[in-house]
Amino acid sequence: SVLVGCSEIETALNKGGDTPCREYVKQDPDTKRVTITKFIKEQSNSDHEPPGTQVDAAIVSVDLLCNVQANADTPIERADIAGIFIRK
């Protein structure tokens with residue numbers, strides 16, 4: 001598919017957990033998914049694709065964090081409010 005090249009570039013340029021809320025909230029659903037997937041991989045130090053349910057739960061959490069977060073510069077990695085990213 002034509003999108004593969006774009007997606008790879010998008011993933012490479014994506015800041016993952018360093019993405020500030022201000023940028024995250026403007027992303028479309030597909031980009032949010034790329035951001036969160038990259039973030040989970042960073043957190044778990046793994047190249048494996050996280051399960052979709054984990055990505056969905058993380059998107060909900062980060063959306064919530066960014067909506068209540070007064071500081072738009074807060075990186076989304078701070079959204080680990082319930083420990084949903086890593087099963088310790």
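Buried means under 20% relative accessible area, exposed over 50%, and partly exposed in between, with a 1.4 Å probe and protein chains only. The model is predicted: local features need pLDDT of at least 70, side-chain atom pairs count only at pLDDT 80 or more, and totals for chains, interfaces and linings use all residues. Residues are numbered from 1 along each chain as its sequence is written, and side-chain values use heavy atoms, with hydrogens and water left out.

**Exercise 1.** Classify Ser-61 as buried or exposed.

Solution. Find Ser-61 in helix α4. Its relative accessible area is 12%. Ser-61 is therefore buried. Next, take the C-alpha to C-alpha distance from Ser-61 to Ile-76: 9.4 Å in space, at 15 residues apart in sequence.

**Exercise 2.** Describe how helices α3 and α4 pack.

Solution. Two packed helices are described by the angle between their axes and the distance between the axes. Here α3 covers residues 29–44 and α4 residues 52–68. The angle is about 105° and the axes lie 9 Å apart. The two helices are therefore roughly perpendicular (65 to 115 degrees). In the contact (heavy atoms within 4.5 Å), α3 supplies residues including Ile-36 and Ile-40, and α4 supplies residues including Ile-59 and Val-62. By class, the contact holds six nonpolar, three polar and four charged residues.

**Exercise 3.** State which residues line the largest pocket.

Solution. The lining consists of Thr-11, Arg-33, Val-34, Thr-37, Lys-38, Lys-41, Glu-42 and Glu-49. Helix α3 gives the most, with six residues. Sorted by class, the lining has one nonpolar, two polar and five charged residues.

Methods
Axes are lines fitted to C-alpha atoms, for helices over the stretch in contact, and angles run from 0 to 180 degrees between N-to-C directions. Helices (H or I, at least four residues) and strands (E, at least two) are DSSP runs, numbered from the N terminus. Angles under 35 degrees count as roughly parallel, over 145 as roughly antiparallel, 65 to 115 as roughly perpendicular and the rest as oblique. Ala, Val, Leu, Ile, Met, Phe, Trp, Tyr, Cys and Pro count as nonpolar, Asp, Glu, Lys and Arg as charged, and the others, Gly among them, as polar. On a 1 Å grid over the protein atoms alone, a cavity is a set of points where a 1.4 Å probe fits but cannot get out, and a pocket is an open set with protein on both sides within 12 Å along at least five of seven lines; lining residues have an atom within 4 Å of a point.
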